[in-house]
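Let's take a walk through a protein model together. Keep the picture open while you read, and look up each place as we come to it.

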Amino acid sequence: MSDKVLDMEECTTKTGPKGVINDWRRFKLESMDQENLPPAKRELLRQMSSPHNPKDSCRSGLNRKMSVQEYELLKEEDDGCLKKYRTRCMQEMHEKLSFGPKFDGVHDLESGEDFLEVIEKEHHSTVVLVHIYKVGVKGCEELNNCLDCLATEYPTVKFCRIDAVASGAGERFSDEVLPTLLAYKAGELLGNFLACTQHLSEEFFANDVEAFLNSYGLLPEKELPLGAEEDEPDVE
């Protein structure tokens with residue numbers, strides 16, 4: 001990023017109506033393909049983004065009223081740029097409102113001690129989902145594959161799995177109640193789903209498991225990938 005853009009960022013206030021307008025103006029300027037602009041517009045863009053008096057750049061630059069020429073320049077292709085701007089704002093808001101740690105993939109628990117530690121010591125805002133499985137039991141392998149997919153889409157949820165025998169409670173988790181999903185938050189049990197695949201169709205996928213968990217409010221809002229555009233139909 002150029003020094004000029006950094007100067008603009010340092011003096012722009014993002015709070016209040018003027019701050020929002022200035023933030024939008026800066027985003028619009030940064031998003032334009034300046035190389036392919038006509039010379040007259042490129043010169044106007046240079047004047048807008050590089051005020052003559054650096055000390056008064058905030059007042060004489062971003063905070064001043066737009067001229068007619070500036071307005072015409074900024075309003076071009078507004079629809080597409082506005083989508084990108086809204087996406088960026090939503091991403092920034094999401095990052096500010098996201099609390100607690102993030103995780104990578106499904107965590108394999110090796111013992112009952114690991115199981116107790118993950119539910120008792122995890123961050124109080126984190127939902128911990130534990131899949132208790134056994135190799136060879138119908139639905140367990142499929143559910144493991146689904147959780148592998150969901151773990152990439154919900155990094156603030158801690159997905160775990162543990163073999164029923166390794167948990168030290170094999171007699172409690174017989175084949176008839178597997179696969180089992182347990183949901184915890186701040187050490188408290190939120191959900192105990194025995195033989196959970198009976199709530200799904202014969203052939204199920206990650207989106208089916210996602211819908212099941214969402215029906216109990218166990219998954220947060222999905223994170224919006226940085227740079228992703230909103231999927232809105234074009235209006236003629």
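Against which elements do the buried residues of α9 pack? They pack against β2 (127–133), α8 (140–153), β4 and β5 (188–193). Contact here means heavy atoms within 4.5 Å. Helices (H or I, at least four residues) and strands (E, at least two) are DSSP runs, numbered from the N terminus.

Before going further, note that this is a predicted model, in which local features need pLDDT of at least 70 and side-chain atom pairs count only at pLDDT 80 or more, while totals for chains, interfaces and linings use all residues. Residues are numbered from 1 along each chain as its sequence is written, and side-chain values use heavy atoms, with hydrogens and water left out.

Helix α9 spans residues 206–215, and its buried residues are Ala206, Val209, Glu210, Phe212 and Leu213. Buried means under 20% relative accessible area, exposed over 50%, and partly exposed in between (1.4 Å probe, protein chains only). Why are these residues on the same side of α9? They cover an arc of only 160° around the axis, and so they share that side. The arc is taken from the directions that run from the helix axis to the C-beta atoms. After α9 comes Gly217, with a positive phi near 65°.

**Aromatic rings**

A pair of aromatic rings is described by the distance of the centres and the angle of the planes. Rings of Phe, Tyr and Trp (its six-membered ring) pair if their centres lie within 6.5 Å; planes under 30 degrees apart count as stacked, over 60 as edge-to-face and the rest as tilted. By this rule there are four aromatic pairs. One of them joins Phe115 and Tyr184, and it is edge-to-face because the planes stand at 80°, with the ring centres 6.1 Å apart. Phe115 belongs to helix α7 and Tyr184 to strand β4 (residues 180–185), so this pair ties together parts that are 69 residues apart in sequence. Phe115 is buried at a relative accessible area of 15%, and Tyr184 is buried at 11%. One aromatic cluster is formed by Phe193, Phe212 and Tyr216.

**Salt bridges**

How many salt bridges does the structure hold? There are five, where a salt bridge is a side-chain nitrogen of Lys or Arg within 4 Å of a carboxyl oxygen of Asp or Glu.

| Asp108 | Arg161 | 2.7 Å |

Asp108 and Arg161 form a salt bridge with closest N and O atoms 2.7 Å apart. Since Asp108 lies in strand β1 and Arg161 in strand β3, this pair ties together parts that are 53 residues apart in sequence. Asp108 is partly exposed at 44% relative accessible area, whereas Arg161 is buried at 14%. Both residues are also linked with Asp148 in a network of salt bridges.

**Ser111 in its loop**

Ser111 sits in the loop between β1 (107–109) and α7 (112–121). Is Ser111 buried or exposed? Ser111 is buried, because its relative accessible area is 19%. Its side chain makes a polar contact of 3.3 Å with the side chain of Glu113. A polar contact is a pair of N or O atoms within 3.5 Å; within protein, one must be able to donate a hydrogen and the other to accept it, and residues adjacent in sequence count only if both atoms are side-chain atoms. Leaving aside neighbours within four places in sequence, Ser111 touches Ile162 and Ala166.

**Backbone details and cysteines**

The peptide bond from Leu178 to Pro179 is cis, with omega near -5°, and Pro179 lies in the loop between β3 (158–163) and β4. Ala186, in the loop between β4 and β5, has a positive phi near 55° without being a glycine.

Finally, the structure holds zero disulfides, a disulfide being a pair of cysteine sulfur atoms within 2.5 Å. The sulfur of Cys149 has its closest cysteine sulfur in Cys146, but the distance is 6.6 Å and therefore too far for a bond. For Cys196, which is buried at 3% relative accessibility, the closest cysteine sulfur is in Cys140 at 8.1 Å, again too far for a bond.
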